[in-house]
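Visitor: I've got a structure to look through with you. Can you walk me through some of it?

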Amino acid sequence: MNIYIVGMPAAGKSTFGKVLAIQHGMNFIDLDDLIVEREKMSIPKLFERRGECGFRLAERRALLSTLNMQNTVIACGGGTPCFDDNMQIMNANGETIWLQCPISELVRRISNDAVSRPLLVDIENIEEFLRKLLFERKPYYELAQKII
């Protein structure tokens, strides 16, 4: 069985996923790392060259490739569950966990790392942007089987 971790950017999905995998003797993979490996370019470079649509297609292909994995914790990108039928695929092929994090903490974490997050480059008010993003993504995140 696979476990898919979903949530907002900087919620701690990768950190939590690694700990969860170790605790349960499972493998761990970060979906963004898988995309970088498969596409042979960084996430920011992928956004620059192919735009968000191109990135989402690469993300979808990477997600579908996890269906062949077993006993793996997969940290998904913040938008992964919000496109196509990605959340339904994750729910049908494993356990899904929405890792919640207060907006104030997301802002603190992102303020130190916004350059590596293509959706957040050139955003003047990160808190306002994240509140809006959460409002848009929450219906997808709420489809997770567990909420932490």
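Guide: Let's start with a term: a disulfide is a pair of cysteine sulfur atoms within 2.5 Å. This is a predicted model, where local features need pLDDT of at least 70, side-chain atom pairs count only at pLDDT 80 or more, and totals for chains, interfaces and linings use all residues. Residues are numbered from 1 along each chain as its sequence is written, and side-chain values use heavy atoms, with hydrogens and water left out.

Visitor: How many disulfides does a search of the whole structure find?

Guide: The search finds 0.

Visitor: Are Cys-53 and Cys-76 buried or exposed?

Guide: Buried means under 20% relative accessible area, exposed over 50%, and partly exposed in between, using a 1.4 Å probe and protein chains only. Cys-53 is exposed, at 64%. Cys-76 is buried, at 3%.

Visitor: New topic. Which way do the residues of strand β3 point?

Guide: Strands (E, at least two residues) and helices (H or I, at least four) are DSSP runs, numbered from the N terminus. In β3, residues 72-75, Thr-72 and Ile-74 point one way, Val-73 and Ala-75 the other, and all are buried.

Visitor: What about pairing between β2 and β3?

Guide: Two strands pair if DSSP finds at least two bridges between them. β2 (residues 27-30) pairs with β3 in the parallel sense, over 4 bridges. Asp-30 has Ala-75 as its bridge partner in β3.

Visitor: How many bridges join β1 to β3?

Guide: There are 3, and β1 (residues 2-6) runs parallel to β3. Here Ile-5 stands opposite Ala-75.

Visitor: Where does Thr-96 lie?

Guide: Thr-96 lies in strand β4, residues 94-98. Thr-96 is buried, with a relative accessible area of 0%.

Visitor: Which side chain does the side chain of Thr-96 join in a polar contact?

Guide: A polar contact is a pair of N or O atoms within 3.5 Å; within protein, one must be able to donate a hydrogen and the other to accept it, and residues adjacent in sequence count only if both atoms are side-chain atoms. The partner is Asn-91, at 2.5 Å. The backbone nitrogen of Gln-145 also lies 2.9 Å from a polar atom of the Thr-96 side chain.
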